[in-house]
Amino acid sequence: MDIRDEINQLKKEKDAVILAHYYVRPEVQEIADYTGDSFYLSRTAEKLTSKVLVFAGVSFMGESAKLLNPEKVVLMPDLSADCAMAHMADAGTIRKMRDTYEDLAVVCYINSTAELKRHSDVCVTSANAVKIVRELPNKNIFFIPDRNLARFVAAKVPEKHFVFNAGYCPVHEEMKREEIERLKLRHPEAPVLVHPECPAAICDMADYVGSTSGIIRYAGESSAREFIICTESGVRCELQKQDPDKVFYFPDTEPVCKDMKLITLEKIRDVLRTGENALQAEEGSASRAREPLERMLALAAKQEKGVE
Ligand code: SF4
């Protein structure tokens, strides 16, 4: 039997759905029931009624889904698929910042471990960070772990005082200005669309800076026929599906998150078949990590409804 048929049959038998991030392999995105960025996936996971969620992504995504759905079975196709940036902050520094600054909110990018979320006040994603930070009553913001997203948000919310952390995404940090300049010379009509995890030198060249879903939306709505894309190249799958006739150029040093690519159809089939790699529900003080996620979803829902 074809592996796709096997997966679809297992999904029915186990009452399972597959959630996939835009950065995983194209064949995994194609078989998924829901594909999106971190914000969309966390919001979707919270609303699903299926018993089993297979999370095709890195560990913080599965952890977040489990925190929001402790009663559901969350299966990770590969437990070793991790996000380097998710670990680039520490509880000791957070405590020090709380002692140093009065009226401080610890704002935690969703790309972080449950342990970091446990010490934070609110989570954000790249899609909602600006709006959520703007809504916070606090004057001082300690933004973890990503310094690049923090810089982007700080520029949009100048009324707050930001304290920066040294974390970064190794994939976006590696983008080279010379490569983007070369692409611009070759394709002068192509707008440059940049993810805010990129360093300032890349964001400065952008026609648009936004989350993965923002980049997809911008490309879909634009009358341009070609684009220079500065984010992980897995997003090409959704961009091309949306607009088969448009052309998308990525930097010559292809931005690839190796951990996202660890997720394969075979691993999805295997966890569905065996139930292995199920995440355990956090208990006691560990479940404190759920609060910043729930606060993010509540603030985002309020903003969507236009409620002040
Ligand atoms: S692309 Fe970067 S931020 Fe995203 S999962 Fe990979 S290492 Fe983490």
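## The ligand shell

Ala, Val, Leu, Ile, Met, Phe, Trp, Tyr, Cys and Pro count here as nonpolar, Asp, Glu, Lys and Arg as charged, and the others, Gly among them, as polar. On that basis, the shell around the ligand in this predicted model splits into eight nonpolar residues, one polar and one charged. Going through the members, we have Tyr-23, Val-58, Cys-83, Met-85, Asn-111, Cys-169, Pro-170, Glu-197, Cys-257 and Met-260 around the ligand.

Where does the ligand sit? The space it takes up is the largest pocket.

Now for some of the secondary structure. The chain has 15 helices and 12 strands. Four of the strands make an open sheet in the order 10-9-11-12, with parallel pairing. Strand 10 (208-209) and strand 12 (247-249) are the edge strands, each pairing on one side only.

Ile-228 has Tyr-249 of strand 12 as its bridge partner.

## Overall dimensions

What about the chain as a whole? Its C-alpha atoms fill a box of roughly 55 × 55 × 35 Å along the principal axes. The radius of gyration is 19 Å, and this agrees with a compact globule because one of 308 residues would come out near 19 Å.

Key
Residues numbered from 1 in each chain as written. Predicted model: local features only at pLDDT ≥ 70, side-chain atom pairs only at ≥ 80, totals over all residues. Heavy atoms only, no water. Near = heavy atom within 4 Å. 1 Å grid on protein atoms, 1.4 Å probe; cavity = no way out; pocket = protein on both sides within 12 Å on 5 of 7 lines; lining within 4 Å. Sits in = over half its atoms within 2 Å of the grid points. Pairing = 2+ DSSP bridges. Helix = DSSP H or I, 4+ residues; strand = E, 2+ residues; numbered from the N terminus. Rg over C-alpha atoms; globule rule 2.2 N^0.38 Å.
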